[in-house]
Amino acid sequence: MQPLATVLWTCLVSGLWWVVAAATTEGVEDAALWRGVSVESSWLKTTVTQKQRNLSLIPCGAVCMRQDWCSLWCHEAPRGCLLTSLTASPSYTPAQPDGALSCYTSQPPDLAVGAAITSSPQHHVDKKQKENLVDGIYGGDIEDCAIVVTGGGAFAWFLLDLGAAYPVSEVLLVAQPNTNVVHYFRDIEVRVGSVQMSGDFTTYQLLGTFTGIADPEQTIVLRPAAPITGRYVSIQRTTDNYLQIAHLEIR
């Protein structure tokens, strides 16, 4: 009998790298180290490049942890496992649950998922909408970003209503994946407050700032010296231009 081997597919589809590897029973046990989440298979496209490599008995989760790009892996029948760089919150709910894969993410819980979000006027009414920042999933596509413009005498802004007051210890922002990042992702101020405002958040407590310039897809993590308790998190430019964010997480 041929010794256990695996075929490793390295794929680049719409900016998403992934790997398909044979799973072992150890891989199922390793799932306890990850948080379960269902993800529709439509996010995981057709393989475009194939390379063969022997992974022996290494379980899927262990392989994912060894790849600095890997943050989510999924079961594929009958014994396959799919390792991806897809960002998915444990709170993510698939828009199309039929055919969704059982996956495991290294992402911690995220207060932004499902939060109510308002903003200054959107630049696109049919794409790049503010709701993309609270859906809990991001695959690296520019169309998944959110972009707003100035309005009402205030600089461009987003406001998230978490639904209740929480201690906020971290806000993570991912810059857009193209060269416009030098114009649209800079001079950012993040604040936390307890009363809903619109465009003027100076009464909120400052959590952190990013003046830029960011690189495409750069991750910016802002942390206050101590957690700030509040129901509302504002993200606003301090200069007059568009504000575009690819992905947002709050903890």
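C145 is buried, with a relative accessible area of 0%; buried here means under 20% relative accessible area, exposed over 50% and partly exposed in between, with a 1.4 Å probe and protein chains only. The model is a predicted one, in which local features need pLDDT of at least 70 and side-chain atom pairs count only at pLDDT 80 or more, while totals for chains, interfaces and linings use all residues. Residues are numbered from 1 along each chain as its sequence is written, and side-chain values use heavy atoms, with hydrogens and water left out.

Other cysteines are found in disulfides, of which the structure holds two; a disulfide is a pair of cysteine sulfur atoms within 2.5 Å. In one of them, the sulfur atoms of C64 and C70 lie 1.9 Å apart. The torsion about this S-S bond is about -100 degrees, so the disulfide is left-handed. C64 is buried at a relative accessible area of 0%, and C70 also counts as buried, at 10%. The other disulfide joins C74 to C103, with 2.1 Å from S to S. This pair links distant parts of the chain, 29 residues apart: C74 belongs to strand β5 (residues 72-76) and C103 to strand β8 (residues 100-105). Strands are DSSP runs of E with at least two residues, and helices are runs of H or I with at least four, numbered from the N terminus. Here the torsion about the S-S bond of C74 and C103 is about 100 degrees, so the disulfide is right-handed.

Turning to the strands, five of them form an open antiparallel sheet in the order β9-β12-β17-β14-β15, where two strands pair if DSSP finds at least two bridges between them. The edges are β9 (116-119) and β15 (205-210); each has a single partner strand, so one side of each is left without a neighbour in the sheet. Between β14 (residues 188-193) and β15 there are five bridges, and R191 has L206 as its bridge partner in β15.

Elsewhere, strand β13 (residues 171-174) runs antiparallel to β19, joined by four bridges, with L173 opposite L248. Both faces of β19 are covered: H247 and E249 on one side, and L248 and I250 on the other, are all buried.

β19 (247-250) and β7 (87-88) each give two or more residues to the lining of the largest cavity. Among the lining residues are T87, A88, H247 and E249.

How values were computed. On a 1 Å grid over the protein atoms alone, a cavity is a set of points where a 1.4 Å probe fits but cannot get out, and a pocket is an open set with protein on both sides within 12 Å along at least five of seven lines; lining residues have an atom within 4 Å of a point.
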